[in-house]
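Okay, thanks for coming, everyone. Let me put it up on the screen.

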Amino acid sequence: MKRTTRVLGAALALLFVGVGNGTAFAQPAQPAQPAQPAQPAKTTRTAKAADAKILAVRHFYNDRFQRCLDADTNTGGNGGIVQLWDCGPWNQQDWEVWPDGHIYNSRFQKCLDADTNTGGNGGKVQLWGCGPWNQQWWDIWPDGHLYNRRFQRCLDADTNTGGNGGIVQLWDCGPWNQQWWR
């Protein structure tokens with residue numbers, strides 16, 4: 001038998017050996033299904049959004065300032081402040097990512113919204129009732145940028161106010177770590 005045939009045969013044999021327990025199997029293992037996150041008890045979502053499945057519930061952690069995206073507990077209504085704050089188990093830092101691009105705050109049942117009157121660099125990012133408006137549509141890029149489709153800018157932590165209560169704004173997308181959200 002040729003050496004390449006033996007090496008290929010050995011490699012194929014390794015593909016069919018179970019990792020850890022040494023048992024062989026005939027079919028590949030099926031991936032485990034992720035658990036579905038719990039739905040909030042009360043919701044004010046639009047009919048379209050209510051039918052959408054949640055992709056993830058997560059905290060958005062800012063690489064530069066090592067703080068999380070936070071909805072200010074004193075201003076949770078329409079126009080509520082979105083800011084940086086130390087990360088914790090608080091539900092004002094829980095954000096649902098919806099397939100249509102909305103990012104929904106679990107505590108205040110509002111969406112992350114780019115204010116239509118201030119869409120340029122330094123534009124206001126706020127909480128607002130969820131709707132079909134493109135200022136509430138965000139793309140999460142593989143490198144961690146949160147891109148607003150309407151204004152074609154990224155979610156940015158202001159470099160002058162990176163502490164607790166730091167400003168979160170729109171800014172031209174770039175390679176800056178204040179725009180990286182994990």
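Predicted model: local features only at pLDDT ≥ 70, side-chain atom pairs only at ≥ 80, totals over all residues.

The protein has 182 residues, and 38% of them are buried. If you take the contacts with a separation of 6 or more, 54% are between residues 24 or more positions apart. The accessible surface comes to about 10500 Å², and carbon and sulfur atoms account for 55% of that.

Now the cysteines. How many disulfides does the protein have? The count is 3. Number the bonded cysteines along the chain and the pattern here is 1-2, 3-4, 5-6.

Let's take them in order. Cysteine 68 is joined to cysteine 87, with an S to S distance of 1.9 Å. That link is right-handed, with 100° about the S-S bond.

Next up is cysteine 111 with cysteine 130, where the sulfur atoms are 2.0 Å apart. The torsion about the S-S bond is about 95°, so this disulfide is right-handed. Cysteine 111 is in strand β7 (residues 110-114) and cysteine 130 is in the loop between β8 (125-128) and β9 (138-140), so here the tied parts are 19 residues apart in sequence. As for burial, both cysteine 111 and cysteine 130 are buried.

Then there's cysteine 154 and cysteine 173, which form a disulfide with the sulfur atoms 2.0 Å apart. The link is right-handed, with 95° about the S-S bond. Cysteine 154 lies in strand β11, residues 153-157, and cysteine 173 lies in the segment after β12 (168-171), so the pair connects parts 19 residues apart in sequence. Cysteine 154 has 0% relative accessibility and counts as buried, while cysteine 173, at 28%, counts as partly exposed.

Let's stay with β11 for a moment. Why say that β11 is largely enclosed by the rest of the structure? Because 4 of its 5 residues are buried. On one pairing, β11 runs antiparallel to β10 (residues 146-148), with 2 bridges joining them. Tyrosine 147 is the residue opposite cysteine 154 there. The hairpin of β10 and β11 has 4 residues between the strands, and glutamine 152 in that hairpin takes a positive phi near 55°. β11 also runs antiparallel to β12, this time with 4 bridges, and there aspartate 156 stands opposite glutamine 169.

Which strands make up its sheet, and in what order? It's an open sheet of 3 strands, in the order β2-β3-β4, with antiparallel pairing. β2 (61-62) and β4 are at the edges with a single partner strand each, so each has one side left without a neighbour in the sheet. Between β2 and β3 there are 2 bridges, and asparagine 62 has arginine 67 in β3 as its bridge partner.

You'll find it in strand β5, residues 95-97. Is glutamate 96 buried or exposed? Glutamate 96 counts as buried, because its relative accessibility is 2% and the cut-off for buried is under 20%. So what does its side chain contact? The side chain of glutamate 96 makes a polar contact with the side chain of tryptophan 98, at 3.0 Å.

That's my tour, so over to you for questions.

Note on methods: Residues numbered from 1 in each chain as written. Heavy atoms only, no water. Buried < 20%, exposed > 50% of the residue type's maximum accessible area, 1.4 Å probe, protein only. Polar contact = N/O pair within 3.5 Å; in protein donor to acceptor, adjacent residues only side chain to side chain. Disulfide = S-S within 2.5 Å. Contact = heavy atoms within 4.5 Å. Areas by Shrake-Rupley, 256 points an atom, 1.4 Å probe, with all protein chains shown as cover. Pairing = 2+ DSSP bridges.
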